[in-house]
Amino acid sequence: MSGWLWGKPKPKNFEEVLQKDADEAKGEDMMPQPNQGDASTTSRVQPPPPPPREVKFSGFDATAYERAAKAMKEIDKSKNAKEALELTLKQEETKKAEMETNKKQIELLLQQENTNRARVMEEEKRKTLKDQQKFNQQNEQYKDRLTRKRHDDQLDQDRKNNEEIMRRRRSL
């Protein structure tokens with residue numbers, strides 16, 4: 001739900017929410033205490049604790065969980081914890097909506113690509129069919145010319161044979 005808890009960038013508005021909490025806390029903590037007269041002890045702000053040491057068990061890094069637990073404790077102590085949670089939920093919903101939009105765009109692009117591919121395939125089929133028909137037509141024309149030439153050659157041969165026969169008859 002809250003990706004920033006596990007090392008991802010914090011939400012943009014989250015810093016403002018935490019700043020409000022810090023300002024409110026400083027307002028309460030910065031007030032001088034009646035028993036304290038020294039100016040150096042008027043603030044209760046303590047230095048930040050040292051970073052947690054990294055403990056790894058066979059490749060498992062628990063620091064992210066530790067940061068998350070610490071952040072959750074800070075948020076729970078905050079007066080604006082509910083706002084921070086709502087903001088985080090809204091950001092997660094926004095991310096989810098963006099991812100869904102991206103998914104739909106990708107699906108649309110895939111569908112367009114499939115449509116284009118089918119169109120190109122149909123064009124190729126038409127071209128192939130047209131070329132095949134052209135080839136068949138040329139082949140038929142060639143066969144027809146050969147048949148006509150054979151027929152003409154046969155007629156010429158028959159005519160020559162008839163002439164030869166007629167010449168032999170005359171010579172006899």
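**View 1. Confidence along the chain.** In this predicted protein, confidence is lowest in strand E1 (residues 56-57), with a mean of 54, and highest in helix H3 (residues 81-171), at 94. The score is pLDDT, the predictor's confidence in each residue on a scale from 0 to 100. Over the protein, the mean pLDDT is 80, and 67% of the residues reach 70 or more. Residues are numbered from 1 along each chain as its sequence is written, and side-chain values use heavy atoms, with hydrogens and water left out. Because the model is predicted, local features need pLDDT of at least 70 and side-chain atom pairs count only at pLDDT 80 or more, while totals for chains, interfaces and linings use all residues.

**View 2. Two stretches with pLDDT under 50.** Residues 29-34 stay under 50 in pLDDT, and the model gives them eight contacts beyond four places in sequence. Here a contact means heavy atoms within 4.5 Å. Residues 36-42 also stay under 50, with six contacts beyond four places in sequence.

**View 3. The overall layout.** Among contacts with a separation of 6 or more, 64% come from residues 24 or more positions apart. Buried residues are 12% of the 172 in the protein; buried means under 20% relative accessible area, exposed means over 50%, and partly exposed lies in between (1.4 Å probe, protein chains only). The accessible surface comes to about 15500 Å², and 54% of that belongs to carbon and sulfur atoms. These areas come from the Shrake-Rupley method with a 1.4 Å probe, and for residues only the protein chains shown count as cover.

View 4. Helix H2 (residues 63-77) has 15 residues and, at 1.5 Å a residue, should span 21 Å; its end C-alpha atoms are 21 Å apart, so the two agree. The expected span is 1.5 Å times one less than the number of residues. Thr63, Ala64, Ala68, Ala71 and Ile75 are the buried residues of H2. They lie on the same side of H2 because they cover an arc of only 135 degrees around the axis, taken from the directions from the helix axis to the C-beta atoms. On the other side of H2, look for the exposed Lys73, Asp76 and Lys77.

View 5. The structure holds eight salt bridges, each a side-chain nitrogen of Lys or Arg within 4 Å of a carboxyl oxygen of Asp or Glu. Glu122 pairs with Lys125, their closest N and O atoms 3.9 Å apart. These two are three residues apart in helix H3, or about one helical turn. Glu122 is partly exposed at 40% relative accessible area, whereas Lys125 is exposed at 57%. An α-helix has 3.6 residues a turn, so residues three or four places apart point the same way.

View 6. Asp156, Arg159 and Glu163 are linked in a network of salt bridges. Within it, Arg159 bridges to Asp156 with closest N and O atoms 3.5 Å apart. Arg159 is partly exposed at 42%, and so is Asp156 at 34%.

Key
Helix = DSSP H or I, 4+ residues; strand = E, 2+ residues; numbered from the N terminus.
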